[in-house]
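Visitor: Could you walk me through this model, step by step? I am new to this.

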Amino acid sequence: MNVLVFADSFNGSAVKAAHEAASYGAKIANGGNTSIVTYGEISESSMNELASYGITNILHANGINDMDPARLAKLVEAAANETGAEVVIFSHDYTGKSVAPMLAARMKAGLVTGVIDYPSTDGSFTVKKAVFSGKALAEVKFNTEKKVISLLPNSVGKTKTEASANVTVFNPDLGTSSVTIKEFKAKGGEGILLTEAELVVSAGRGLKGPENWGMIEELAKELGAGTACSRPVSDIGWRPHHEHVGQTGIAIRPNLYIAVGISGAIQHLAGVNGSKVIVVINTDSDAPFFKAADYGIVGDAFTVVPKLIAAVKEFKAAQA
Ligand SMILES: Cc1cc2nc3c(=O)[nH]c(=O)nc-3n(C[C@H](O)[C@H](O)[C@H](O)COP(=O)(O)OP(=O)(O)OC[C@H]3O[C@@H](n4cnc5c(N)ncnc54)[C@H](O)[C@@H]3O)c2cc1C
């Protein structure tokens, strides 16, 4: 079957999640064509990297920069028509969440968001997704000819191939934009983008106040990790809102999630329980987070975190 993958980019490079979506698309195309549609400024090396996941064509809409989801849906629809795609894959990130439903409506396609695995191989095209804040898994079967999927980042990994793709400039007429971006300001300063981070150090109300986040930032810096927080911490202004993870914040699936002074309420877990390895540091051995943890440290964050920082520094020095 022919598959189309939407690749979003940031600062001239495709986002990491788009690599996984490309690899996913190539695998389910199973010998059919896998194309990518991307837009705006994106470097040649980033396109080569995308192609290396088994991509045959890259359609590059270099004339679009406006991030209007309605226009992006039109762009992806035009690319799906151009490539004869039966399945369109998005990453389940900010852009994917807003564009995938619009595209599905335009194409009269079935839509499943937040997919976490490859479709079944029994010919029925059934996919899995987490439901009820991650407490259950649903298997969802498509009944439509056209299918739109958004893939939860870090769900299936990625596999490189020897492939190289044809790159075509693709600027279909999308009409005028319904919105105008007045200002674009990247968040997160010098830190690692939370949605891109493979390692995350997160902290909650157990840290007592914003003045105590220095050790969290230092541990994150030593590990090359992003920083996150629980919702009350961002609600009371100790940390910026873009760090809030959970049911009402960002859902992340890093390889390592270190939770410091976070109780592990279900609404928090909903955004992080897909992490590959969870480490919990909490003074209360009955904190619910320990039930979801791969490694638990019952102890005071103000003692444990400095020791972790020292251990990471020592390890790095020994490797140098
Ligand atoms: C509709 C709804 C949506 C919500 N969405 C979200 C969401 O998206 N994300 C989210 O995070 N929450 C969300 N919440 C809130 C959630 O229910 C919890 O209240 C919240 O996650 C608790 O945050 P916390 O763990 O930081 O704080 P607390 O519950 O106060 O826990 C602090 C923890 O720190 C530990 N601790 C204290 N001192 C130390 C120390 N010195 N060292 C180590 N550990 C220590 C304590 O034992 C405790 O376990 C939502 C709630 C509702 C009702």
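Visitor: How much accessible surface does the chain have, and what share of it belongs to carbon and sulfur atoms?

Guide: The accessible surface of the chain comes to about 15500 Å², and 50% of it belongs to carbon and sulfur atoms; such areas come from the Shrake-Rupley method with a 1.4 Å probe, and for residues only the protein chains shown count as cover. Please keep in mind that this is a predicted model, in which local features need pLDDT of at least 70 and side-chain atom pairs count only at pLDDT 80 or more, while totals for chains, interfaces and linings use all residues. Residues are numbered from 1 along each chain as its sequence is written, and side-chain values use heavy atoms, with hydrogens and water left out.

Visitor: And what share of the residues is buried?

Guide: Of the 320 residues in the chain, 48% count as buried, where buried means under 20% relative accessible area, exposed means over 50%, and partly exposed is in between, with a 1.4 Å probe and protein chains only.

Visitor: Why does the radius of gyration agree with a compact globule?

Guide: A compact globule with 320 residues would have a radius of gyration near 20 Å, and the chain has 21 Å, so the two agree. The radius is taken over C-alpha atoms, and the globule rule is 2.2 Å times the number of residues to the power 0.38. Along its principal axes, the C-alpha trace spans about 60 × 40 × 40 Å.

Visitor: How many helices and strands are there?

Guide: The chain has 9 helices and 16 strands, which are DSSP runs numbered from the N terminus, with helices (H or I) of at least four residues and strands (E) of at least two. Among the contacts in the chain with a separation of 6 or more, 64% are between residues 24 or more positions apart, where contact means heavy atoms within 4.5 Å.

Visitor: Switching to the ligand, how many residues surround it?

Guide: The ligand is surrounded by 27 residues, and the closest are S230, T248, S263, Q267 and N282; a residue is counted as near if one of its heavy atoms lies within 4 Å. This shell divides into 7 nonpolar, 15 polar and 5 charged residues. Here Ala, Val, Leu, Ile, Met, Phe, Trp, Tyr, Cys and Pro count as nonpolar, Asp, Glu, Lys and Arg as charged, and the others, Gly among them, as polar.

Visitor: Which N or O atoms of the protein lie by the ligand's oxygen atoms?

Guide: An N or O atom in the side chain of H244 is 3.0 Å from an oxygen atom of the ligand, and a backbone N or O atom of G261 lies 3.1 Å from a ligand oxygen atom. Taken alone, the ligand exposes 990 Å², and the protein buries 75% of that.

Visitor: Back to S230, is that residue buried or exposed?

Guide: S230 counts as buried, at 6% relative accessibility, and is found in the loop between strand 13 (226–229) and helix 6. Leaving aside neighbours within four places in sequence, S230 is in contact with A203, G204, R205, I262 and H268.

Visitor: What about S46, where is that one found?

Guide: S46 is in helix 2 (residues 44–51) and is buried, with a relative accessible area of 7%. The side chain of S46 reaches the backbone nitrogen of A14 at 2.8 Å, and a polar contact is a pair of N or O atoms within 3.5 Å; within protein, one must be able to donate a hydrogen and the other to accept it, and residues adjacent in sequence count only if both atoms are side-chain atoms.

Visitor: Which phi value does N30 have?

Guide: Phi of N30 is near 50°, a positive value in a residue other than glycine. Most residues other than glycine have a negative phi. N30 lies in the loop between helix 1 (16–29) and strand 4 (34–39) and is exposed, with a relative accessible area of 68%.

Visitor: And K208?

Guide: K208 has a positive phi of about 75° although it is not a glycine, and at 59% relative accessibility K208 counts as exposed. The loop that holds K208 runs between strand 12 (199–203) and helix 5 (214–223).
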